[in-house]
Amino acid sequence: MNHMFPIFIKMSEISTLIVGGGNVGHEKLEAILKNSPNAVVSVVSIDFGEALLDLAKDFPNVTLHKKAFEFSDLDPHHIALLATDDYGLHVEIQKEANKRKMLVNVADTPDLCDFYLGSVVTRGDLKIGISTNGKSPTLAKRMREFLEDALPNETQQLLDNLRTIRDKLKGDFAFKVKKLNDITQQVFDKKE
Ligand SMILES: C[C@@]1(CC(=O)O)c2cc3[nH]c(cc4nc(cc5[nH]c(cc(n2)[C@H]1CCC(=O)O)[C@@](C)(CC(=O)O)[C@@H]5CCC(=O)O)C(CC(=O)O)=C4CCC(=O)O)c(CCC(=O)O)c3CC(=O)O
Ligand SMILES: NC(=O)C1=CN([C@@H]2O[C@H](COP(=O)(O)OP(=O)(O)OC[C@H]3O[C@@H](n4cnc5c(N)ncnc54)[C@H](O)[C@@H]3O)[C@@H](O)[C@H]2O)C=CC1
């Protein structure tokens, strides 16, 4: 069984640190910005790869610090993603960050991670996060592709309509719950 608890984070409300600006640092930054273009992210790295430089230049909320990592770099941040090529450094940073009660993701080292990234299916306001408990990221990717194909194109319209109905419904909470359940039941019945 997968014991992880998925939450959806407002990345503009917290501050994120990425250590290492090579290929993996780029992949992590891309995954964050694809979902949360408003994310507040600092990247600390001795060197930056072209891909990361190219991506970061369009995001004023992403700041790059060209330097070797020091513990004080953790100070302003809530979560950290470690993506250097130095495993020993990752172990040290992870320990210090956990002392500070920060949550950490360590590239290539699931045992040191407090959280994993997942595959993400998005249709407008609908977002589905997928985890395989670290067993097979490739299956997570395939599940994403499968669900992307399977989701109806009208998903956003359905959500907009339901929001309008939700705002207009009068009555107590129990009545609204029943009404919204009835309406959505009809939508899904029609599909069968
Ligand atoms: C534990 C976790 C921690 C974390 O990274 O947060 C982790 C760990 C590792 N990934 C590895 C490899 C690959 N990762 C991918 C892809 C993705 N990996 C992602 C998440 C996660 N990867 C977390 C678990 C998620 C879950 O529970 O399923 C996704 C979902 C999200 C994202 O990264 O944005 C994204 C798909 C996004 C999408 O397309 O939808 C591919 C496939 C590809 O790129 O085509 C490969 C190569 C093939 C293979 O190995 O499967 C390795 C071995 C490295 C090595 O061998 O050296 C480790 C380390 C290990 O397992 O020890
Ligand atoms: N590239 C990939 O797709 C994969 C990489 N990995 C592993 O992930 C790790 C990172 O890989 P890449 O991103 O490709 O490496 P990379 O060499 O492209 O990037 C590492 C980055 O870390 C920075 N760095 C190193 N020491 C630092 C320090 N003390 N302070 C600040 N920055 C520092 C470097 O300047 C560099 O930008 C490696 O251990 C690699 O074996 C694993 C699977 C796939």
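**Fold and ligand surroundings of the predicted model**

Buried residues account for 20% of the 192 residues in the protein chain. The structure described here is a predicted model, and its protein chain contains six helices and seven strands. Read from the N terminus, these elements follow the order β-α-β-α-β-β-α-β-β-β-α-α-α. Along the principal axes, the C-alpha atoms of the protein chain fill a box of roughly 60 × 35 × 35 Å. When contacts between residues at least 6 apart in sequence are considered, 51% of those in the protein chain join residues at least 24 apart.

Five of the strands form an open sheet with parallel pairing, in the order β3-β2-β1-β4-β5. The edges of this sheet are taken by β3 (62-66) and β5, and because each has a single partner strand, one side of each is left without a neighbour in the sheet. From one strand to the next, the twist averages 15°. Within the sheet, β2 (residues 40-48) pairs with β3 in the parallel sense over five bridges, and S42 stands opposite T63 in β3. Helix α1 (residues 23-35) packs on the sheet, where it touches β1 (15-21), β2 and β4 (79-82), and the direction of α1 makes about 155° with that of β1.

Strand β1 also holds L17, which counts as buried because 24 C-beta neighbours lie inside 10 Å, against the 20 or more that the assignment requires. Residues up to four places away in sequence being left aside, L17 touches S42, V44, D73, L74, H77 and A80. The C-alpha atom of L17 is separated by 8.7 Å from that of V40, although the two residues are 23 residues apart along the chain.

A further pairing involves β6 (residues 119-123) and β7, which run antiparallel and are joined by five bridges. In this pairing, V121 has I128 of β7 as its bridge partner. The hairpin of β6 and β7 has two residues between the strands, and G124 in this hairpin takes a positive phi near 60°. An unreviewed UniProt entry lists residues 123-149 under "domain: Siroheme synthase central". In the model, this span is 48% helix and 22% strand, and its end C-alpha atoms lie 11 Å apart.

Most residues other than glycine have a negative phi. The position of N133 is in the loop between β7 (126-130) and α4 (137-150), and N133 is exposed, having 12 other C-beta atoms within 10 Å.

Two ligand surroundings were examined. The shell around ligand 1 comprises 19 residues, of which A31, S119, T132, G134 and P137 come nearest. Helix α4 supplies the largest share of this shell, with five residues. By class, the residues around ligand 1 divide into seven nonpolar, nine polar and three charged.

Around ligand 2 there are 21 residues, and those that come nearest are G20, G22, N23, V24 and T84. The elements giving two or more residues to this shell are β1, α1 and β2. Among the contributors to the shell around ligand 2, β2 gives the most, with four residues. The shell around ligand 2 has nine nonpolar, eight polar and four charged residues.

Note on methods:
Residues numbered from 1 in each chain as written. Chains lettered and ligands numbered in written order. Predicted model: local features only at pLDDT ≥ 70, side-chain atom pairs only at ≥ 80, totals over all residues. Pairing = 2+ DSSP bridges. Axes fitted to C-alpha atoms, helices over the stretch in contact; angles between N-to-C directions. Contact = placed C-beta atoms within 7 Å. Near = placed C-beta within 6 Å. Nonpolar A, V, L, I, M, F, W, Y, C, P; charged D, E, K, R; others polar. UniProt positions renumbered as here; feature names shortened; annotations may be inferred.
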